[in-house]
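Hi,

Here is the structure I promised to pass on. My notes follow below it; have a look whenever you get a moment.

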Amino acid sequence: MAGNSFGKLFTLSTYGESHGPALGGVIDGCPSGIELDLEAIQNELDRRKPGQSAIVTQRKEPDTVKFHSGIFEGKTTGTSIGFVIENTNQKSHDYSHIKDSYRPSHADYVYDKKYGFRDYRGGGRSSARETASRVVAGAVAKQMLKDIEFTAYVSAVGTMKLDKPYTELDLTQIESNIVRCPDADMAAKMESYIKDVRSKGDTVGGVVTCVIKNVPVGLGEPVFDKLHAELGKAMLSINAVKGFEYGSGFEGSTMYGSDHNDAFNNDGSTKTNYSGGIQGGISNGMDIYFNVAFKPVATLIQKYETIDKDGNTVEMQGKGRHDPCVVPRAVPIVEAMAALVIADFWLQNRALHL
């Protein structure tokens, strides 16, 4: 299986399956001398881990990260940073009923057809549990980019959406509720809605909005390696993501150019920011902001028809521990992938000016 590495200069390679002994990864390209706050890295994992609230999967995993290389006396050495996150609460028997059948809209079918074999326990490598390794690497990248702020939050669950732009929200309130929505009233409604969906054995999607502040001018490369293109690739590589838009996004297609153009201030900043902090594929110093759309989880805890490996129609009902809505736990994953992209371009810019 290819495609297990991300980045050019700041790179992450991951390994592990949902029900294997462990997950882990290797980070390459991190400069030496970066002082790491290991507690802060663990805190990022705690934001993503299962079992943290009543509206997520109840699989109980501590998701404790152990670093095996690349760190000495609390600082990066410049060599590869190896780490592992052990699985401790697998219940593989929960998946025995899908050994020979495929969940609709899941990777089950395509994995089996592509490789001729699949790990049906929790989806194996296709499980969103793989994203734990991304969060570790993203947390390291954040500490390397200490002046740049990465903030993501839940802006929609199903049809319930925040109408306010991020500039009108108190983003310090994101962690004040289990939905990770910075509007208390909307968060309460979203929480109730997710619980209702779960009680019916169903699932629902949502949207995570991300804001990156204090990005220097000049990150991104022309043509194929545009900053927004790499951000889009990073977000679309996350499990269950179906859409990405930055700046004015699809709404911008309904506007006139005279309204959409971001007029300059004398210092090079802009009066508006429909560009989303990126012009010509290169950061312009304004806030970068984007939305990431997540589909409903494929595994339903209700009866439905599907097919088995011989093409026979069979009845299935999901079992085990699954998220009724992934977006509350996806918030740190979105931040992590954004940090990996910015870190990679930051190193490319540094190399350019040596």
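Ser 69 sits in the loop that joins β4 (65–67) to β5 (71–72), where strands are DSSP E runs of at least two residues and helices H or I runs of at least four, numbered from the N terminus. This is a predicted model, in which local features need pLDDT of at least 70 and side-chain atom pairs count only at pLDDT 80 or more, while totals for chains, interfaces and linings use all residues. Residues are numbered from 1 along each chain as its sequence is written, and side-chain values use heavy atoms, with hydrogens and water left out.

Ser 69 has a relative accessible area of 30%, so it counts as partly exposed (buried is under 20%, exposed over 50%, partly exposed in between; 1.4 Å probe, protein chains only). Leaving out residues up to four places away in sequence, Ser 69 touches Ser 80, Ile 81 and Gly 82 (heavy atoms within 4.5 Å). A polar atom of the Ser 69 side chain lies 2.9 Å from the backbone nitrogen of Gly 82.

Beyond its neighbours within four places in sequence, Phe 290 has contacts including Ile 212, Met 235, Val 334 and Ala 338.

Best wishes

Notes
A polar contact is a pair of N or O atoms within 3.5 Å; within protein, one must be able to donate a hydrogen and the other to accept it, and residues adjacent in sequence count only if both atoms are side-chain atoms.
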